[in-house]
Amino acid sequence: MMKVYTQELIFNTRNRQEFINITDQVREALDKSGIKEGLCLVNPMHITASVFINDDESGLHKDFSLWLEKLAPFGKDKYQHNLTGEDNADAHLKRTLMGREVVVAVTGGKLHFGPWEQIFYGEFDGQRKKRVLIKIIGE
Ligand code: ZN
């Protein structure tokens, strides 16, 4: 019979922009679910944050930050969106570049990763409480 497991994680980052490795938290959720074969969806519940899969290598994370700042620099007066009184247009664009969600196959009760794959929460407008949804389906 198909099982469904749902959990939310809470983040409140110290900095406006941060990358956090959440692989262990997703693994714990999978263990709790008891699901051995299926799919695991992870997505932020906010439009200024990302969940993405990549290498846990600090140089690469610095490269991501520099690349994102080049494509979507922070700046109140640079964007149409900020004419509404907001200041986070860059965060919406950065989230779009890094993606909304990941889906990982579950095989034999484990996250079925390729080499070096890790799951990250990408925060682009932090310093406030935000949620990440984990939904696992399978048997
Ligand atoms: Zn906004």
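Biologist: In which sense do E2 and E7 pair, and over how many bridges?

Modeller: This is a predicted model. In it, Glu 18 stands opposite Glu 123 in E7. E2 and E7 pair in the antiparallel sense, over four bridges.

Biologist: How many bridges join E4 to E7?

Modeller: E4 and E7 run antiparallel. Ala 49 has Glu 123 in E7 as its bridge partner. The bridges that join E4 to E7 come to six.

Biologist: How many of the six residues of strand E7 are buried?

Modeller: Strand E7 covers residues 118-123. It is largely enclosed by the rest of the structure, because the buried residues among its six number five.

Biologist: Which parts of the chain does the pair of Phe 19 and Phe 64 tie together?

Modeller: The count of aromatic pairs comes to six. Phe 19 and Phe 64 form one that is edge-to-face, with 6.2 Å centre to centre and 75° between the planes. Phe 19 and Phe 64 are 45 residues apart in sequence, so their pair ties together strand E2 and helix H2.

Biologist: Are Phe 19 and Phe 64 buried or exposed?

Modeller: Buried means under 20% relative accessible area. By that cut-off, both Phe 19 and Phe 64 are buried.

Biologist: What is the centre to centre distance between Phe 52 and Phe 64?

Modeller: Phe 52 and Phe 64 form an edge-to-face pair with 75° between the planes. The pair links Phe 52 in strand E4 (residues 49-54) with Phe 64 in helix H2, 12 residues apart. Centre to centre, Phe 52 and Phe 64 are separated by 5.7 Å.

Biologist: Which residues do ring pairs link into a cluster?

Modeller: Phe 52 and Phe 64 are both buried. Ring pairs link these two into a cluster whose members are Phe 19, Phe 52, Phe 64, Phe 120 and Phe 124.

Biologist: Within what arc do the buried residues of H1 fall?

Modeller: The buried residues of helix H1 (residues 23-33) are Thr 23, Val 26, Ala 29, Leu 30 and Ser 33. Seen down the axis of H1, they line one face of the helix, because they fall within an arc of 125°.

Biologist: Which exposed residues does the face of H1 turned away from its buried side carry?

Modeller: Exposed means over 50% relative accessible area. The residues on that face of H1 which count as exposed are Asp 24, Asp 31 and Lys 32.

Biologist: What are the protein donors of the zinc ion?

Modeller: The donors follow the spacing H-x4-E-x1-N-x3-H along the chain. They lie 2.1 to 2.4 Å from the zinc ion and are His 81 (NE2), Glu 86 (OE), Asn 88 (OD1) and His 92 (NE2).

Biologist: Why is the site of the zinc ion not tetrahedral?

Modeller: The angles among the four donor atoms are 76 to 162°. Four donors count as tetrahedral if all angles lie between 85 and 135 degrees. The angles go beyond those limits, so the site is irregular.

Biologist: How far apart in sequence are the parts tied together by Asp 90 and Arg 16?

Modeller: The side chains of Asp 90 and Arg 16 meet in a salt bridge of 3.0 Å, N to O. Asp 90 lies in helix H3 (residues 89-98) and Arg 16 in the loop between E1 and E2, so the parts tied together are 74 residues apart.

Biologist: Which residues do salt bridges that share partners join into one network?

Modeller: Lys 94 forms a salt bridge with Glu 69, the closest N and O atoms being 2.9 Å apart. Lys 94 lies in helix H3 and Glu 69 in helix H2, so this pair ties together parts 25 residues apart in sequence. The network consists of Arg 16, Glu 69, Asp 90, Lys 94, Asp 125 and Arg 128.

Terms used:
Residues are numbered from 1 along each chain as its sequence is written. This is a predicted model: local features need pLDDT of at least 70, side-chain atom pairs count only at pLDDT 80 or more; totals for chains, interfaces and linings use all residues. Side-chain values use heavy atoms; hydrogens and water are left out. Donors are N, O and S atoms within 2.8 Å of the metal (3.2 Å for Na, K and Ca); water is not among the atoms, so sites may look incomplete. Four donors count as tetrahedral if all angles lie between 85 and 135 degrees; four count as square planar and six as octahedral if opposite donors are over 155 degrees apart and all others between 65 and 115; anything else is irregular. Rings of Phe, Tyr and Trp (its six-membered ring) pair if their centres lie within 6.5 Å; planes under 30 degrees apart count as stacked, over 60 as edge-to-face and the rest as tilted. Helices (H or I, at least four residues) and strands (E, at least two) are DSSP runs, numbered from the N terminus. Buried means under 20% relative accessible area, exposed over 50%, partly exposed in between (1.4 Å probe, protein chains only). The arc is that of the directions from the helix axis to the C-beta atoms. Two strands pair if DSSP finds at least two bridges between them. A salt bridge is a side-chain nitrogen of Lys or Arg within 4 Å of a carboxyl oxygen of Asp or Glu.
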